[in-house]
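Biologist: I would like to learn how to read a model like this one. Please take me through it feature by feature.

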Amino acid sequence: MQTNETPPLANAPALIERLWPAQKLSAEAKKERKAGSGQTLTALGSYWKGRKPLVLVRACVLGCLLPATSDPEGDLVLFETLMAMDDDAFGYRDVTTTAPKLVQIAKAHGMKVDAFVDRDERPLSSDPEDPGESREQSAKWRPDLSASDRQEVKVRILATLPYEDRVNRALRPEELSEQVTKHIWPFVNQRLGTTAHDLPSLIKQLGEMRFGRPPRVADTFAGGGSIPFEAARIGCDATGSDLNPIACMLTWGALNVIGGDEQARLELQDLEKKAARHVEDIINELGVETEDGNRAKSFLYCLETHCPETEWTVPICQSWIVSQKRRVIIDLVPDYDRRRYNFVVIEDASEEMMKRASIGTKQGEYLVYELNGQTYRQSIKSIRGDWRRENGETGNLLRPWEKDEIVYRPDDIYRERLYCVQWITADTLDRGRQTTFFRAPTNDDLDRDQRVVDYVRKRLASWQADGVVPDMPILAGDKTTEPMRTRGWTYWHQLFSPRNLLVLGLMAEVLRKSPAGALKVAHQANWNAKGCQWFRGFDTVNHSFEDQSLKTKFDYAARSAYVYTHLLKDRSQTVRIGGTGAVLTRPASAVNETHDLYITDPPYADAVSYHEITEFFIGWLRRNPPEPFDQWTWDSRRPLAIKGEGDAFRREMVEAYRAMAEHMPDNGLQIVMFTHQSGSVWAELAQIFWGAGLQVRAAWYIATETTSELKKGGYVQGTVILVLRKRLHAEVGYEDEIVQEVRAHVADQIDTLVGLNQSLKGAGRIENLFEDSDLQMAGYAAALRVLTGYTKIDGKDMTVEALRARRKGETSFVDRMIDFAVGVANEHMVPDGLQARLWQTLKGPERFYLKMVGLEAEGITKLDNYQNFSRAFRVGDYNPLMASVRPNAARLRRAEDFGTRTGFDIPDFGTGIIRSALFGIDGLIREIDPDVVLQQMRELLPDYFKKRGDLVEVADYLARRRGAHTVEGRHAAILVNLMRNERL
């Protein structure tokens, strides 16, 4: 009930503005990501890759509602308790660490193990040198210990582990039942003055205390629905909106299928059974998947083409291995009468045969094959007839398909061919573990394929008219041009084979009658298209959107209807929604109701082109959709989508965030999540928030996700969490004054976080609450907090300046301020063991090197740390300084890696004191005479004697950070003594 009184927390700063355990949240976010298909919302559609971790959303909502008090340590304890991230929580989160493992951990950390006994109930020794290892392996809890005593011991032991190690062996917070966390509420209520008994009741009470009502949370870029879903789950009144109907459908599914009641689940299961029976009846009637009682499981197809050089028709496939683990391959046997190749399945292939089969006829962008002992190589581009005119127009000789076509014509450049069928034996069909075999296609198989084609052709027009299968033309775009350019497909249904269309069409006849069923149609389309490749290592079929693109494949696989009807069973979990959820389809700028919190993950620069690729799914659902989907606009609405970067992007983002700012109370907050890519992003965001009437309050860095580039040693994506409020006052300032204000705020912010680290360690924490990446974010945020607080700078209206068109390469005042803030932040991040005076004299690459030496000494070897600091220290290319860029095992080059010849040409590094120190260390490792080493260093470094003190400090730092247990550390210490005792 609302009153005219000001709610008690209305003007209180939010915890997330002051304090947030970003490092712990990073570990939790990565834990959730690693769950893969076990993530709560993935079952709705794995094709939407951009969902933010639910634990991160929960932390954002709690961080916005909880107050920041004068007791930051107590605030942190409260937050971590509510998030099940405190030490005590791992007593019940960890359900995998056995008693023997607990004993092992305890002894490794010098702890007593008197809570355990061996199988004969004899006490265990706490001595780490005790030889009773066999007794430890059979360790169990002492029988006289109560459950609470065991819990207490377990918590103490696990607390000795790094947080990420604890998380990796534990349940996710969302997997915990309310029963196991009921003990926290007396403490929570005493701290906050609430009467909560679970998280939803607390969230509603905090909303009343801050806004005078249960908190209203909105996400205007809902995407896969994780933000509105989690907000609703924990007790908020949540609204998810998106321009894209597929995003809205996934958000609806999160709230109403995952968050649905038991009746909704039973109705969906009944619908799935009806669809499965319908498909099975038609497939059995057609007889297109059975032979002698055996049942087809998978069909493997490839394209083939006419080679102009030999006049032979050649199949195109990236590998002729069918099964890695069973050593099954395809052998191409020339058919001289028909000038083509026949397929022969070979089982138990030799190592040499497997190696040869792994190199298919598609090698890069070439068709490569062997005939009569001669190898022929033909460019795929030339086969396709690619051309480019002087005006830049491009094209090829592929024939555009007509709307009623579902297969290639005999005279097309490409044709399609079945090259293998995987069968399930008749006697194992009903078993949990089936026996399968592979067989090259027979004439009967080809006849069955033709029956499928005939059936689909006969029904295509009526299916399309009813909306059962797509009838949408493919419109050109950054991603959607690919199927047209490389295959000649012009309609969306042509991305599906006749077998795909048969199974999906039959399913859709039943499923699309309900919204939950429509979700299933889209999900099945992802797993049943020509973009699905054969997993040769697992003998199964992959889904289409593995790489979030519409890249066409030269070979693909199709599951049989038998497999799909068995996979159709709903496997999503059900959770209790503690609040409410609503879904709207509209642009972000069209928000017209008030919300207290906006949590958004907007598109930015290289974001996935969902406005194009989701048309793949829209075609299946746009005609005659069920309620409530029939109220939505079933079009991707490409022209309205916010995309790309530059002036248009900035203008559209300003419109969206201005609308949000105008539809939230003065004490409301916004959380903006974006992928951290470069420093220029910050200047762009500052201009957007200026124009929208928002002021940055804080920023945090969370390592949330990895890209496919990760496997190639590429970049790791983290997420920056920006906290914003309305700009309520019109401040006027001048650049020279603002420079000093930025310096003071950046320094104060970093010093505050460093001080909190120290006080918490004094209270017994074994890990820093904030790492250097957090301090960097704090520096950025402090600068933006100052800048976005002004409406006029040097007489310029910054809200107008935000929308001004930019010249390419233009450096703005904001760019200069961000660079300045980075510099100030870097000055305050002096590694322990180095003097600030020396730090100020070092160049960017040198600072980067010494900073990373310090982090490596603490066991931090994640590649994203190196990437973030290379950006912070303005290192253009950090690779010459790296020995490894493996995502989880990155490391710098050490003295021995540089040797005596390399590294001298690295800009701002090769001629400095660090490279000289590494040269000297390497010389000593190589057992060169110490006097010779010192003489070489004098010749290498100009003004050697003036810089000797700095050299000693650097070598001493390397000795201490590398440690006496390493070769480099020991020889660095020797070099320190040599230089200190050197005669002048």
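Biologist: How many bridges join strand β3 to strand β4?

Modeller: First, the ground rules. This is a predicted model, where local features need pLDDT of at least 70, side-chain atom pairs count only at pLDDT 80 or more, and totals for chains, interfaces and linings use all residues. Residues are numbered from 1 along each chain as its sequence is written, and side-chain values use heavy atoms, with hydrogens and water left out. Helices (H or I, at least four residues) and strands (E, at least two) are DSSP runs, numbered from the N terminus. Two strands pair if DSSP finds at least two bridges between them. Now your case: four bridges join β3 (residues 216-219) to β4 (residues 237-242). The two strands run parallel. V217 stands opposite A238 in β4.

Biologist: Through which helix does the chain cross from β3 to β4?

Modeller: Through α12 (residues 226-233). This β-α-β crossover is right-handed. That word has a rule: with the strands pointing away from the viewer, the path from the first strand over the helix to the second runs clockwise.

Biologist: Which residue is the bridge partner of A218 in β22?

Modeller: Y598. Strand β22 (residues 597-600) pairs with β3 in the parallel sense, over two bridges.

Biologist: What is the strand order in the open sheet of three strands?

Modeller: The order is β11-β12-β13, with antiparallel pairing. The edge strands, β11 (362-363) and β13 (374-379), each pair on one side only. Two bridges link β11 to β12 (residues 366-371). In β12, Y366 is the bridge partner of Q363.

Biologist: Turn to helices. Why does the end-to-end distance of α3 agree with its residue count?

Modeller: The expected span is 1.5 Å times one less than the number of residues. Helix α3 (residues 54-65) has twelve residues, so it should span 16 Å; its end C-alpha atoms are 17 Å apart, which agrees.

Biologist: Which residues of α8 are buried?

Modeller: Buried means under 20% relative accessible area, exposed over 50%, partly exposed in between (1.4 Å probe, protein chains only). In α8, V153, K154, V155, I157 and L158 are buried. Their cover includes α5 (90-93), α6 (99-108), β1 (116-117), β2 (140-141) and α9 (163-168). In α3, twelve of the twelve residues are buried, so that helix is largely enclosed by the rest of the structure.

Biologist: Which residues have the most contacts inside the largest nonpolar core?

Modeller: A nonpolar core is a set of buried Ala, Val, Leu, Ile, Met, Phe, Trp, Tyr and Cys residues joined through side-chain atoms within 4.5 Å. The largest has 280 residues, and W20, F116, F848 and Y849 have the most contacts inside it. A second, separate core of 21 residues includes V322, I329, I330 and A357. Contact means heavy atoms within 4.5 Å. Leaving aside neighbours within four places in sequence, F116 touches V153 and I157, among others.

Biologist: Is R295 buried or exposed?

Modeller: R295 is buried, at 5% relative accessibility. It lies in strand β6 (residues 294-307). Its side chain makes a polar contact with the side chain of E280 (2.8 Å). A polar contact is a pair of N or O atoms within 3.5 Å; within protein, one must be able to donate a hydrogen and the other to accept it, and residues adjacent in sequence count only if both atoms are side-chain atoms.
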